[in-house]
Amino acid sequence: MADTRNKPGSWTRDIAMMMGTYIPGFAKPPARFVTEDGRAVHGVLAEFKTPAEVYHAAEKVRDKGYKRWDLYSPFPIHGIEGAMGFKRTKLPLLVAAIGFTGAGLGLLLQYWVSAVAYPLVVQGKPYGAWEPFVPIMFELGVLPSAFAALFGMLALNGLPRFHHPLLGQKSFWRVSDDRFFICIEAEDTKFDAQEVRTLLESAGSTNVELVEDDA
Amino acid sequence: MKDPDQINTERLAGMGTVALAQTGDGTLIEDPAIEAPLVINDREFADVTETVCGYAEKPAPLWWYAALTAASGAALMAMIFIPYLIITGVGVWGLNNQVDWAWDITNFVFWIGIGHAGTLISAVLCLLKQKWRTAVNRSAEAMTIFAVVCAGIFPGIHIGRVWMAWMLAPLPNYNAIWPNFRSPLLWDVFAVSTYATVSLLFWYMGMIPDLATLRDRAQRRIAEGKAMHLRLMLPTGKPLDIKFINMDKIRAFGYGLFSIGWRFSSRHWHRYEAAYLILAGIATPLVLSVHSIVSFDFATSVLPGWHTTIFPPYFVAGAIFGGFAMVLLLLVPLRVVLPNFSDLLTLRHLENMAKILLVTGMMVGFAYAMEFFIAWYGGNEYEWSVFINNRANPAEAPYWWSYWIMISCNVISPQLFWFRKLRQNPTVIWIVALAVTIGMWFERFTIIVTSLHRAWLPGEWHMFWPTWVDILTFVGSCGIFLTLFMLFTKFLPMFAMAELKAVMPQASPHPHDEEGGH
């Protein structure tokens with residue numbers, strides 16, 4: 001297996017390549033590793049039977065310094081962020097920014113309607129009094145925040161993505177039931193199929209297999 | 001006495017026996033240091049998946065068809081009487097006098113109140129780290145959304161000219177008229193629609209991993225050549241096989257589409273949990289705001305009986321009370337008819353919810369007493385007259401029965417739950433939940449009708465009596481609610497599987513150093 005990855009190209013090409021992984025019909029980046037019959041290698045997938053086993057395996061993979069790898073489990077395992085060594089998500093900042101913008105625009109809308117566009121005397125109160133605007137300002141802060149939380153989470157996760165090499169791997173389908181997996185991807189600069197296989201087997205995996213990107 | 005979690009862990013490690021601790025049936029016991037397990041009978045992850053998905057995949061049983069037929073028959077009535085009302089005018093209801101908010105707004109507040117339990121369970125109990133919520137949150141959230149659907153119907157059609165409903169939104173129009181943002185009725189529009197949207201997003205986000213589980217199971221059966229075809233149950237009890245419709249292909253596509261390629265990655269789970277916590281954090285004030293704002297519809301008016309500052313907390317407590325009653329009303333029978341569901345939804349869950357009914361019932365009882373006290377202590381003769389002459393005194397108040405149904409169902413019936421034996425008995429819980437649901441409907445009827453039927457001018461004092469259109473439209477809304485719920489029980493995962501698995505003792509990555517170990 002040879003390193004056939006392209007040299008860095010223009011940024012337009014990079015974007016087109018990125019789209020290729022998500023949207024059918026676009027050119028895909030050439031694979032870094034290919035099998036003997038010419039199919040692209042996505043990575044090496046290892047199966048584990050319990051959360052404890054996969055947790056300790058994750059610590060080993062982290063300590064070896066791999067970057068492009070992931071752990072798959074039917075439910076979020078408590079404390080896995082530390083075992084895998086990744087940073088906290090920026091999602092809360094995104095949601096806060098959108099939420100406060102929504103609330104601000106909500107206040108502005110109400111003020112403009114009640115004091116500028118259509119001033120009505122209601123119970124003799126000043127047109128621009130802010131107090132009655134609080135409930136709708138709150139609702140208009142909450143509504144976009146909820147959209148930002150769900151769709152921001154999906155966007156940061158690269159979802160929706162209906163095709164992924166792992167989803168075509170038959171043994172992987174039990175991840176949604178009761179099995180735990182670690183996949184080290186061929187894109188990782190330290191990737192070497194044999195080394196990775198040895199590492200995952202020594203970490204206690206019951207079944208290690210090569211995942212091909214057959215799309 | 002051994003910790004039940006320890007027993008389960010030992011059994012999985014191949015040590016120990018399968019003998020159950022005293023808490024084996026899921027009930028709570030004397031020793032507060034020992035928690036009953038959330039999933040009983042030594043279930044494993046695969047058992048949870050099989051119990052929840054297996055039911056959604058098997059051909060629907062006969063009772064399901066019977067229940068769906070009855071519910072959708074009732075829903076059909078709403079589909080007939082709503083157009084009838086729109087075509088003929090709101091006078092077909094019994095509110096053709098000054099009691100202009102009657103059954104329709106009673107029904108609206110009743111349904112929107114029921115719609116509070118789901119978000120309370122998913123959001124407030126999530127922030128309070130109440131792990132037992134994982135067994136009930138999915139169905140409670142579903143119920144919430146269906147209740148809000150029913151709630152949305154009534155104010156929508158009671159405005160009379162429904163085709164003008166768009167004027168509630170701040171849209172530029174040729175008359176240059178804008179909505180009045182100082183009106184609680186407009187706050188209500190924003191609050192309820194925000195609540196419906198956020199509940200839907202919350203429900204959907206929680207379901208993404210479980211839909212992916214259903215997708216993967218269908219894929220596995222197709223790959224193994226065990227794909228299921230469509231099988232309908234005939235009323236005779238015999239199955240009718242339709243071979244050319246491959247159900248698993250439909251499932252792999254449908255569940256695949258809505259699970260949007262979820263692949264259970266830990267990096268995804270991390271953001272997912274963050275998003276879940278954020279949604280819980282914003283849904284908690286939201287759920288409190290919605291029923292507060294509904295209560296402002298009444299409290300900001302100058303009508304005796306409505307014009308009280310206790311309304312927001314009183315309405316919120318009542319909403320939680322009524323919502324939990326509806327959750328129990330739906331889940332207690334499902335626990336009996338669905339195989340193995342009682343392992344996931346144990347007596348501990350029912351007992352916890354019975355305790356919430358007791359607490360919120362007491363809050364509501366306190367609010368009733370406080371209203372009376374303030375009516376007396378405030379020295380306002382009109383306020384006092386509403387409570388005595390319109391509500392409580394059978395000799396004076398024509399609607400006294402409504403008031404006393406409310407008191408006996410909402411305040412007296414939950415008192416049974418002071419007794420452990422009674423709050424551990426599903427039949428008693430179901431009967432009390434039914435009583436509370438009825439009582440909460442009468443609470444709204446009492447508040448709305450008894451205050452309006454004798455307002456300021458004695459010349460316009462009239463009784464309100466529902467017409468058959470009123471009654472059948474309400475029955476129809478119950479039909480819509482139950483139809484949606486029956487469809488939910490058949491086609492969607494009824495338990496939050498991923499969350500349920502995460503609170504099982506086997507899910508801890510450190511099974512040997514106890515107490516979670518961090």
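Reply: Between chain B and chain A an area of about 6000 Å² is buried, and carbon and sulfur atoms give 70% of that area; buried area here is the accessible area (1.4 Å probe) that two parts lose on being put together, summed over both. In chain B, the residues that lose the most area to chain A are Arg182(B), Arg263(B) and Arg267(B), which together make up 15% of what that side buries. This is a predicted model, in which local features need pLDDT of at least 70 and side-chain atom pairs count only at pLDDT 80 or more, while totals for chains, interfaces and linings use all residues. Residues are numbered from 1 along each chain as its sequence is written, chains are lettered from A and ligands numbered from 1 in the order in which they are written, and side-chain values use heavy atoms, with hydrogens and water left out.

Counted by contact (heavy atoms within 4.5 Å), 64 residues of chain B touch 72 residues of chain A. Across this interface the rule finds two salt bridges, a salt bridge being a side-chain nitrogen of Lys or Arg within 4 Å of a carboxyl oxygen of Asp or Glu. Arg267(B) and Asp70(A) meet through their side chains in a salt bridge, at 3.7 Å from N to O.

The interface of chain B and chain A also holds 22 residue pairs in polar contact, both residues being at pLDDT 80 or more; a polar contact is a pair of N or O atoms within 3.5 Å, where, within protein, one must be able to donate a hydrogen and the other to accept it, and residues adjacent in sequence count only if both atoms are side-chain atoms. On the side of chain B that touches chain A, at least two residues each come from α2 (45-57), α7 (184-223), α8 (247-258), α9 (266-299) and α18 (497-502) of chain B, with helices (H or I, at least four residues) and strands (E, at least two) taken as DSSP runs numbered from the N terminus. The most is given by α7(B), with 18 residues. By class, this side of chain B has 38 nonpolar, 17 polar and nine charged residues, where Ala, Val, Leu, Ile, Met, Phe, Trp, Tyr, Cys and Pro count as nonpolar, Asp, Glu, Lys and Arg as charged, and the others, Gly among them, as polar.

Within chain B, the side chains of Arg217(B) and Glu50(B) meet in a salt bridge of 3.1 Å, N to O. Arg217(B) lies in helix α7 of chain B and Glu50(B) in helix α2 of chain B, so this pair ties together parts that are 167 residues apart in sequence.
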